[in-house]
Each structure stands twice: as structure tokens, then as C-alpha cells.
Amino acid sequence: MLRNLILGITNRAFVRRLATGRAGRRVARRFVAGEDIEDALKVVKILNERGMTASLDYLGENVRDASAAQAAADVYRSAIERIEAAGLQANLSVKLTQMGLDLDPEVALGNAAVVAARAAEAGTTLTLDMEDHRYTDLTVDTCLRLAHPYPGHIGVAVQAYLYRTPADVERLIEGRVQVRLCKGAYREPRKSAYRHKAEVDRAFATLLVRLLEAGAYPRIGTHDDRLVDFAREQAAKLGHARQTFEFQMLYGVRRDLQEQLVRDGYQVRVYVPFGGEWYPYFMRRIAERPANVKFFLRQLVGR
């Protein structure tokens, strides 16, 4: 599978040099708002004007220095203040390994709690991004721990391709945590995850119906036309108003679909990443869709 091939060579030196060169950086700006908060806020303002909300992600993962983890938390706190001051409609997404999870789960919890407290004070939400399967238990557990002192302000992403996700979703529904349902973006072992698209799509559809039935304000993270149509049909079948769920999509991906959903009266939130540590995120975006690979290669050859 092309996706697994690309993810498998991401850490090779020649691939990194190619992707972070001039052409690679040009392509990256399609998916990444920029390297500082100013760039991100400009994008959020444009999205708000187009009838969409946003989720800001300060890029970075697998931080192994306590001061760097705290600095990342400080960036998020500052971002909340900037969003609030500008009157923008945006929440936050954060990876726990950026908060220090590889150092100590309690360090990550402490840093995330600082951000969650500020988010709750500002009346917005914090979503924990899901990383690869090694971090799933800790991410779900941390999310539930944060949801207790900050009810209504904590969410988490789950990945449909993991076999374990249905059980995680039940825990999250019980814990009244908002769930962002995604297909999954990491190269996972066969023992942990579905490999074939049809299997992942079926798992996604099943989980989506469960979240809708639970009235859990699902955040539907997909760019797949068929799954978007399925979500619309199921929501209508269950009598859900369009304000009781939202579609979440990535900055730079399927802008046409984002705008059409807004025209049709649906809520759309765009995931807006920014920061200097954009390479891992960028490579996952390239790997997700053949169209992204073709776009990247055309830019490399100057066409």
C-alpha cells in the first residue's frame, strides 16, 4: 500500500532532505498555516469569515525535555489568549507527547491540565490528538482524568482502524468526552489495526452510528465523500439537527467539500496546524491520499 510505503521511509535522511527543501516547503504551506501564531490566526480569521470554525495545533511531538514540554504548553495558553482577544472561533488540539508523555505521564497531564484550565476559562475546548497505538491507553486515560475537573471542555481523537476503538468509544461516551472520529494516520502493525480501506470504512461507519445514537456531539473527521454522505443520512434518520454534530477536516484538504457543507448548513471545523516542527505532520498528509502524492511530485519537478 502506497500509504504504508511513504510512512515507512519518512525517517530516511534523503526523504527528509527532499521534503524539507524549497519545493517541499512550498507544498507544506498547503497543509500548514505557517511557523508562528500570527500565520495561524490569519488563517482562522479567513475560515471564520467563510462560516467555519477552527482547531489550532501547535506542531510538535515526542518531546523529551521538560522545559520544551512546558514551553509548548505556554504557546497553547498564549494562543487561547490571542484567540479570545481577537474574538475568533477556534479551539485547540494537542499531542500528549508534546506535553512530555515520553518523559512521564504525570508531566504530560500537568502541562495539559494547565492548558485545559485556560481553555475552560475562555469557554473553549481542548482536544487530545491520538498518536500511534503505543500511546492510546495513556491518551484515553489522560482525557478521562481531565474531563472530570473540566466537564464539557475536553475531547479526544479516536482512530477507526484500531481494533480496540469500539471499547474506547464506550468509555468516552460514559465519561461524557467529545469524540473526534478519524480513520487513522499512522503505520500500525497488523495485529493492532485494519489494513484494508473497506475494513476501515466499515469500522468508521459503525462507530459513527454509535456516537450519533449516543447523542455525544460527534466530530466527524473525514474527507471521504461516501462517509460524509453516510453521516448526513444517518443524522437525518436519527432526527439529529445539524447543530448536534460537526464535520472536521484538515487545512488544505478538500476545500471544495468544506465550503459545500457550509452552504448546506452543516458545521465545519478546520484543523489548522502551525509551527516549525511540521515535517512529521506533513508526511502523514502526503501519505493519506494519492492526490497529495501527485501534487507533491509535480511541485518537485516544477510543473
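Me: Why is Glu61 called partly exposed?

Reply: In this predicted model, Glu61 has a relative accessibility of 23%. Buried would require under 20% and exposed over 50%, so Glu61 at 23% counts as partly exposed. Glu61 is found in the loop between β1 and α5 (66-86). Glu61 and Glu277 are 216 residues apart in sequence, yet their C-alpha atoms are 8.2 Å apart in space.

Me: What makes the buried residues of α5 line one face of the helix?

Reply: The buried residues of α5 are Ala69, Ala72, Ala73, Tyr76, Ala79, Ile80 and Ile83. Seen down the axis of α5, these residues fall within an arc of 110 degrees, so they line one face. The face turned away from that buried side carries the exposed residues Ser67 and Ala85. The cover over the buried residues of α5 includes α4 (37-49), β1, β2 and α6.

Me: How do you know that the buried residues of α7 line one face as well?

Reply: Helix α7 (residues 136-147) has 12 residues and reaches 16 Å from its first C-alpha to its last, close to the 16 Å expected. Its buried residues are Thr136, Thr139, Val140, Thr142, Cys143, Leu146 and Ala147. Viewed down the axis of α7, they fall within an arc of 165 degrees, so they line one face of the helix. Among the elements covering them are α6 (105-122), β3 (126-128), β4 and α8.

Me: What makes the eight strands a barrel?

Reply: The strands close in the order β1-β2-β3-β4-β5-β6-β7-β8, with parallel pairing. Neighbouring strands of this sheet are turned by 25 degrees against each other on average, direction ignored. Helix α8 (residues 165-174) packs on the sheet, touching β4 (154-159) and β5 (178-182), and its direction makes about 165 degrees with that of β4. Helix α11 (residues 255-263) also packs on the sheet, where it touches β7 (246-250) and β8 (268-274); the direction of α11 makes about 160 degrees with that of β7.

Me: How do you know that β1 and β2 pair?

Reply: Two strands pair if at least two bridges are found between them. Strand β1 (residues 53-58) and strand β2 (residues 90-94) have four bridges, in the parallel sense, and therefore meet the criterion of at least two. Within this pair, Leu56 stands opposite Leu92 in β2. By the same criterion, β3 and β4 pair, since three bridges join them in parallel; here Leu126 stands opposite Ile154 in β4.

Me: Why is β7 called largely enclosed by the rest of the structure?

Reply: Five of the five residues of β7 are buried, so the strand is largely enclosed. Both faces are covered: Glu246, Gln248 and Leu250 are buried on one side, and Phe247 and Met249 on the other. Strand β6 (residues 219-221) pairs with β7 in the parallel sense over three bridges, and Ile220 stands opposite Phe247.

Me: What makes β4 mostly covered?

Reply: Six of the six residues of β4 are buried. Ile154, Val156 and Val158 are buried on one side, and Gly155, Ala157 and Gln159 on the other, which leaves both faces covered.

Me: Which residues have the most contacts inside the largest nonpolar core?

Reply: They are Leu56, Leu92 and Phe247, in a core of 72 residues. Helix α6 gives the most to this core, with seven residues. Leu56 touches residues including Ile37, Leu41, Tyr76, Ile83, Leu92, Val272 and Phe274, not counting residues up to four places away in sequence.

Terms used. Residues are numbered from 1 along each chain as its sequence is written. This is a predicted model: local features need pLDDT of at least 70, side-chain atom pairs count only at pLDDT 80 or more; totals for chains, interfaces and linings use all residues. Side-chain values use heavy atoms; hydrogens and water are left out. Helices (H or I, at least four residues) and strands (E, at least two) are DSSP runs, numbered from the N terminus. Axes are lines fitted to C-alpha atoms, for helices over the stretch in contact, and angles run from 0 to 180 degrees between N-to-C directions. Contact means heavy atoms within 4.5 Å. The expected span of a helix is 1.5 Å times one less than its number of residues. Buried means under 20% relative accessible area, exposed over 50%, partly exposed in between (1.4 Å probe, protein chains only). The arc is that of the directions from the helix axis to the C-beta atoms. A nonpolar core is a set of buried Ala, Val, Leu, Ile, Met, Phe, Trp, Tyr and Cys residues joined through side-chain atoms within 4.5 Å.
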